[in-house]
Every structure is written in C-alpha cells, then in structure tokens.
Amino acid sequence: MSSLEVHPAESHKGLLSFLAGLPGVDQVGAEARAAALGTRSIKKESKIWAIDMAISMVDLTTLEGADTAGKVKAMSSKALHPDPADPSTPSVAAVCVYGDLVYAAREVVGDRIHVAAVATAFPSGRASLGVKLADTKEAVAAGADEIDMVIDRGAFLTGNFGKVFDEIVAVKQACGTAHLKVILETGELKTLDNVRKASWLAMKAGADFIKTSTGKVTPAATLPVTLVMLEAVRDYYQETNTRIGVKAAGGIKTSKDAIKYLVLVNETVGDAWLTPDLFRFGASTLLNDLLLQRQKMITGHYSGPDYVTID
Amino acid sequence: MIGNDRVGVRKTHKLFIGGAFPRSESGRTYEVINTRGEFLANIAKASRKDARDAVISARTGFNSWSKASAYNRGQVLYRIAEVMEGRKEQFINDIQDAEGTSNKKATTQTDQAIDRVVWYAGWADKYSQVLGNTNPVSGPFFNFSVPEPTGVVAAVAPQDSSLLGLISVIAPIIVSGNSVIVIASMNSPIPAITLSECLATSDVIAGNINILTGDPAEIMPSLASHLDVNALDLTGITDPELHASLEIEAAGSVKRVRSSPINPQWQVTPTLSRVRAFTEIKTVWHPMGIL
Amino acid sequence: MSFQYAPAPESTAIVNIKSSNGLFINGEFTPGHGTPFKTINPATEEVLAEIAQANQEDVDAAVRAARRAYDKTWSKMPGRDRGKYLFRIARLIQERAREFAVLETMDNGKPIRESRDVDVPIAAAHFFYHAGWADKLEFAGYGTNPQPLGVAAQIIPWNFPLLMLAWKIAPALATGNTVVLKPAETTPLTALLFAEICQQADLPPGVVNILTGDGDTGRMLVEHPDVNKIAFTGSTAVGQAIQRQIAGSSKRLTLELGGKAANIVFDDAPIDQAVEGIVNGIYFNQGHVCCAGSRLLLQESIAEKTIESLKRRLQTLRLGDPLDKNTDIGAINSREQLNRIIDLTKSGEDEGAQRWSPDCVIPEKGFWFAPTVFTNVTQAHRIAREEIFGPVLSVLTFRTPDEAIEKANNTPYGLSAGIWTEKGSRILAMANKVRAGVVWANTFNRFDPASPFGGYKESGFGREGGIQGLGAYLTSEESS
C-alpha cells in the first residue's frame, strides 16, 4: 500500500474497534428465537389489524430490466388503491423503482405516497463512488424521496469497513432530504455476526433504514436476519434515542410470512416500530396475498386470484 | 541371646492418610494373628476421627488427581505396579502370613494383583472412550457424553483376598480420577500396609489413596453419613444388617453405593462395572451453526 | 394502536375425559380400592375427573400382573418384537399428539405451545429411539448377554407428566422389563390416556400397569417385595426416603432429583441468545423443571446491562390461559406448589434481595405466579440454595471464571448448568469443571432421547436416555 493512501485503520480506528467489540450472534439460538416467534397464532381482529398494517408497510416494487414507464404507472396506481373494490384498503407505503423511472411513479402518486429509487449501481454496487453519487442525485432530482442504496459487500467482506462507511456517508449527503435505506444484502454477508456488524456500520454512517436485501440474491429476507437487524436497531435506540427503520425485502410472499415479521417487530423492538415510518416490506407479490386474506377476513369466504388485480 | 541370631527390627504398622503414616489419633491398636494363632503385629485401629481426616485428605487429593491427564493417571498406576513388583517377596510373605496360604498361592495372588494394576493402568486413557460417546440428537447441536470421576469414595476391601481383592477395589476407583479411603481387611491388613508403603514411594498424589486399618463396623458409619463422601464401595461388608444401615446413612447425601456379588471371583479379569460405578456421565450440548 | 393478539385457544373438543377413572392393571381398566380423589385444571380450578386411589390390594395386583407378564411373555419375547410394540406406541402417540397436548395442558397448566412442541413430540421420540434398542442390547456395552431386571416400579412427577412417563417406560420395556408406573397425584390424565395407547397397540397385558394415587401408593410400590427396580423422579427428600426404604434389599435404584443450576453468562456471550437462554432456562414450564437455570451468574462487567435486557424481554412474556397458543407462562400446577413458591420468594425479600416482576394481569381463578427476578442475591440466601421449582430467578454476579465455577459448584445439587461465551476453549474448560450431569453451552433446556440426562451429587444417580440410560434397566455381567 502506498504511503499516500489513507489507511482505513487509521481514519476509522474508533469504528473498527466498536465493530470488533460487538457481541457475537449464535446462529442456532437466533434461528430458534425467530422460529418460536413464528409460531404465534394471530387470529381474528388481530389478523385484520396486522394485514392492514402490513399493506401500509409495503414498498411495492418492480426492479426488472424490462420495466417501462407504463408498467411503473400501473403499479403506482395499484399502490394508491390496492383493492379498487374496497376503498377502505390502505395505500402501500411507497413504490420502489429504478432511478430512471422515478418520474413515472411520481406522476401517478403525486405526494400521496413515497417514491423510492434503488441507486448506487444497484444491485451489485460495483461502480466508482462518483457513479454511485451521480446515480443517487439523479434519482432525487427526478422526485425520489427515498433512496435504497447497496453497500459495497466486497469491501465489507475484506474488512474494509471504512470504505463502506465513507460511501454511506457520501450517499447520505447526496440524498439531501430524501430518506436513505441501506441495503446490506445479507445473503452475501452470510453470517449473522456480519449482519449485526453491517447494521451498526450503516446506522452509524447515517442510514435512516437498514434493509436486508436487493431481492436479487438468495436467500433474501429471513426471520433470523431480520431479528438480528431489529436487535441492532433496538440497541442503537437504547444508546442514541434515535429510531432507525428496518426493511425486510425479498422472498416474503404470503400474509402468514408478513404477520410473522410483524410479530418479530412487536416482540423485539416494540410497537413503536409498527408504523410504515419504521418498518417496511420490500415486495411485489406479497401485496396480492395480503389483499386475498383481507377479503377473506372481511367477507368470511376464500377469495381467488381473479379477485385481486395484476399489475 | 548368644550366637549370631540377630534381633529383628519389627515394624510399627500405621495408617496411610494424605501420603503420611500417622498412628491412629485414638492411640488404639489391635492384635493381628496368623492362621496358626501366632501374634503377627499390633495394627493401628482407626477411629472415626481418623476417617474424618482421611476424607479431608481425599478431597484435597481428588482436587488435583482428577485434573491429572488420563495419560498421567495411567503412568501413575503403572508406577504402582513397578514398585509392587520390587516388593513382590514381601507381599508373598505377607499374604502367606495373613491368609495361611501356600507360597505358590500367595505368589499367584501377588502376580495377579500386580497384573491387575497394570490392567487398570491401561484403562486410564481408554475407559472414557468406551463409556462415553457422541449423541446424535435431532437438532443443530453437537452433543457428547463423557464419564467423570464421582469424587471421594469410601471403600471396604474384601476380608479375604488381602492383596488382590484390595487392589481390585482401589484401582478401578482411582483410575478415573476419584480418591479413595479404603478400609483394609480387618484380619489380614498387613498386605495393605505394605501396599501403602509402595504407594508412598510411587507417584501417587498425597491423599488420593488413603488406607485405614481397623473395624469397618466402627469406621464406616461415619464415612457413610459424611456429606463430603460421594460414594461407597461396600465390597467387604458381608453382614447384611451393617450393609443395610450403611445404605441408609448413604441416603443422607444421595451417595452412590456399590456392592459386590456374593463370592467375588477376584482372579477373573473384571469388566468396566467397577469403573462405571464410580463415574458420572456428563453430557454437553453446543449449538452447531449452519453455514 | 398496538398489536394485540386476539385469544387463540386450542379447542378442547378433541379430548374425552371420563368423569371417573380406574387403574390400569393387566391390560384392563379396573376400579381402585382406595378412596378416589379429584384432579383439577390448575388454570381454572375446575374438577377435570375423579381418579382412583390404588391401595395395597391394587399395588399387589399390579405387581403380580407385571411379574406374570415378565415371566410368561415379555422377557421371553425376542427383542425384535418388543421393539415393534414400542414403535407402535411411538406412532400412536404421534397420531394422537393433539389430544395428548391438550390433555396435558388441561391437567398440568403448562402452555399448549410447550406441550405441543416439546412434551408430546419428545415423548414419542423416546419410544421411537428405544424401540430400536430392543434387539441390539448386546451392542450397548453391558456385556454380550445383558438381561432385564424384572419388574420396575416407576414414580414420576407432575412437571412433565407424559414425557417423564416416556423417559421411564420406553427404556424399561426396550430392555425387557415390565413396569408399574405411578403418575403424580395432580397429573394422572395423560398416563391414563397412555394406558389406552397400550391397549390400541395390543401390548401384552401386564407389561405396563398404571396406578394412580398419592404418596402412600408410591411407598407401597417401592416397598413391594416383588419389585426389582425402582426409578424415581422427584424431590431430593423423597428420593432419599426411597433410598433408605430399600436399603438392605437387592432392588436396583435410579434417582433423578432436584437441582439449582447455575446459568453462567460471560462478558463475551452472544448476548441476545443468552437472554433468550436465561428466559428459557427459568421460565420454561413455569420453572417447574428440575434442571432449570434458577441461578443466573452474570459477569460483573455486563451485569447491569444484561439485567436491563432481561427485564425488557420479560415484559413480552404472555401469562394466561395455558390453552391459548400464544401463552408463554401457564398456571402453577397446584396450590401447594404455589404456596411453596410464595414462601420462598418471601424469604428472598426478607433476606434483602431485590424483587422484580413485569406487569402482567394475573387471572382471578387458578394458581398463578408472575415471572420474578431477584437481584442482589448472595450465595447465602435461601433463594440461591433451595430449589424453588417456580418462575423465580436469582441473579448473582462473578468477576472471574474461577469465581464462576466456585459459585456454580457451591451447592449440594449437580444436575445441570449453562455456559454462555463465544470463546471455545473457555466453554470446554468450564464444561469440564462444572459438577453437573448436563451442561448446556450457548443453549439451555434441550432434551433428546439420545442424550443421557441425570445428575451428580444430591441431584441423583443413574441416567435416562442415550446408551447410558439402558444401564439402569439391565444386569451387567460382573464377577467381582
């Protein structure tokens, strides 16, 4: 290493020793805890409440190479009125799209819900900082009020935490007033120890939300990963009195799954987090299952796929 | 006295506690005679207080002996056999005197006793492989069971088989890391005293093996009720009433009690039954994370 | 608005409790000759059923039936066939698992979540595990031709009624013994349902006999001259009494008695899992667990923070209707036990320890005790030495590993222990030094039929489960 480069260990000494001092996570224990909470039985009025809460927490997402303005607009109108037959159905929290289609979403939703853009060379994050910042700024300029950035997993896995930290700080700055969600891509970090470390790193660097996954890597969100992130958020709140949000993204497809996440939130960080301001689901197909279940709960009979809209 | 008949130097026979040879604190002795009724020796008659002292020594001995490596325990046992081998003639004489048996039989018993120690010496680093194991539990856990020494064991050596029976009681107790307080055969205690001299000059940790002479009926009740004794080996107790009363005392601290089958066959190669009787199975669980 | 969980009660329609219940002797239900007693649901104090009290005549009949079955059928049957009966029983328990779980919860007061996910499945697993041993005993390390002991008298407690029955009956039958089992006075119902399972399995009459009754029935059973083996799980005091009772006889004995386990948390522990382990260690089954982690030993550097986390966690525990699938803390099994817990916790306060419980609504009827934590506890306090057998945790601190071991071992008990640290070598060193039969490292209260369970010192002797558990029911070949 040339002497001209700043050694991260020098510039981020405090951060590195803080991360090294975090308590470990026992994977078997964390999984057992998550599984136990998954056995909670949520019925009747509590289920209706949970389904509406879950709908209101959805970041309705399309992140395909084939996305078009038309597709985004259709999805955005569904985001506003998920169940056209039942106006009492809440809107989702946000639509989540690539930066170049933010304008299309904003056209439809106006100021009624949030528009989130994935940025920073999503999903791999493999680009220079300059490109990532430009990506971010363009999305914000186009009307995104939430930015879902990805961390540099390569840097994280080689222990270059300082680089990851600095990038988050820079992107946060580029966000301006837009909220920053930091995607850890836990499926590539692999261990729960890494998940806890990355969570803290992101929070310390200024994340408003920490988010599990891009949805492009398997496994995406899991209950144990989300549990560990919630624990980090809880501990961060204990230390700083600041509430950081958590977004579970990818792989959550059924109402039953979604309710398990709400239980996890409720019993790990408490119901202060049971608001779209602090917990989100990054999902596409989940919404329709929530709607089917909602119809079932209200009408008392099972609904079918033809009774919810595709988009 | 005239001529060159030398006046012999007789030995004072003492207890063996904490690696030392004290007299009984009670000052008492009892006479031991041979099978022809001739006086052999005055033997220290241990009291309950001697037994109490022995428990303290045994506990101290346990604390270090149980930490010794299995390899080391094996070597210490083997060393006992080496020293016994050097005293073979004395053992043969002792057994002949004590049991009134032929030189041939006494020789056989001595050989078997020494070989028995060697047999157990070899077990020191193997018994836990045979008695322990890993357990395939259904779940992401690594689970294994190991035998560990029970602690302080109070034993009564058989009244006959003064050396082979004695050593066959002591060796399986100490091989796993226990300490023992053993009461020698009351009528034939001299081989046990010779053994204690072997132990004192081998590498046995002080207090690990304590040998008392005296009346088991007098000494054992206090050991059976002693809260710092973990187990009893009642091999040498043949009186059923005494046996039962000792079992009752043992319940006070939930002691493990081992008795012998009637007419134990000391010459037969043992099983691990005696080792098992004075070990505890410890089972340890640890999560096995999924990669 | 907060997330309220609507009541999610398990239906009781699946169980069919007879208003009056007999004894199970020689494959038949027969009336008892003592004065019947009632078993109640501790969560509601409602009478569930009338239960027969076995007297001497009944004990004699049951032992006679067991002896006959042993002589004529069971000891002569090839192990392969004994095994098949046990496999059948395992399957029948699985098939009727829901019924067992609901009945257990009604009779015992434990949360349905636990009876459903722990008690019943592990009970079935015990039969399945031991079934496979029945024709392989010569490989178990007890010589080439290990033999059964004969008639086993088995006395079990009320904390895990069906599971303890399985721990007792499965190994006894696999090794060729026949049994007379006495369930606890306050929890006889699942044992009686198990008797029905024996009938459904076509188990030869007399192989399993179930005698309901009180301590007197147990005493008569222990003293019966034709019993070869006694297996007891329960308090140390009763275990000692049994050990005295059978002194001088050739009856074999195994005892699984009390405990006061240390759950040791080091400053480098995986702290969130440790907090879960502490909770699971002492509040599982309302703390009615002999191996409960009732003494929490916290390293001083993390004590304050960990207690804070623990208290926060305890606030999420849900106490109430045991049949509700979301209940974490059920009812205390009996008024007698509740009084004992109240008495011991009072002594904790009197001796100067600091008491804390989360806010929770205690139902009006039934026997309940809020999860309780005592801080500022010292080794000298009664609550640090005596088994409370309730949801009461005593928190002590230590500075060094040496001190932790010293405190952990400073008890006449030695059943279990917990160790929490991410440092592998410390786990192994601690596991080696702690004088306890089961050591849970970075976990707690795990059970498996393949894993031997049992204590050191006054926690009893003998093991249940695993290859070592078979030894409790076999003769070993010994010449000396």
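Colleague: In which sense do strand E4 and strand E5 of chain A pair?

Modeller: This is a predicted model. In it, E4 of chain A covers residues 146–150 and E5 of chain A covers residues 179–183. Five bridges join the two strands. Their sense is parallel.

Colleague: Which residue is the bridge partner of A:Val150?

Modeller: Look in E5(A) for the partner. A:Val150 bridges there to A:Ile183.

Colleague: What do the eight strands E1 to E8 of chain A close into?

Modeller: Their order is E1-E2-E3-E4-E5-E6-E7-E8, with parallel pairing. From one strand to the next, the twist averages 25°. The eight strands close into a barrel.

Colleague: At about what angle does helix H6 of chain A run to E3(A)?

Modeller: H6 spans residues 102–109 of chain A. The helix lies across strand E2 (94–98) and strand E3 (114–119) of chain A. Its angle to E3(A) is about 175°.

Colleague: Now chain C. What separates the centres of domain 1 and domain 2 of chain C?

Modeller: The domain assignment gives domain 1 as 20–257 + 458–475 and domain 2 as 262–450. Taken over C-alpha atoms, the centres of these domains of chain C are separated by 29 Å.

Colleague: Which element gives the most to the side of domain 1 of chain C that touches domain 2 of chain C?

Modeller: The contact takes 25 residues from domain 1 of chain C and 27 residues from domain 2 of chain C. On the domain 1 side, helix H3 (97–108) and helix H4 (112–133) of chain C each give two or more residues. With eight residues, the one that gives the most is H4(C).

How values were computed. Residues are numbered from 1 along each chain as its sequence is written. Chains are lettered from A and ligands numbered from 1 in the order in which they are written. This is a predicted model: local features need pLDDT of at least 70, side-chain atom pairs count only at pLDDT 80 or more; totals for chains, interfaces and linings use all residues. Domain bounds come from an automatic or database domain assignment. Two residues are in contact if their C-beta atoms, placed from the backbone, lie within 7 Å. Helices (H or I, at least four residues) and strands (E, at least two) are DSSP runs, numbered from the N terminus. Two strands pair if DSSP finds at least two bridges between them. Axes are lines fitted to C-alpha atoms, for helices over the stretch in contact, and angles run from 0 to 180 degrees between N-to-C directions.
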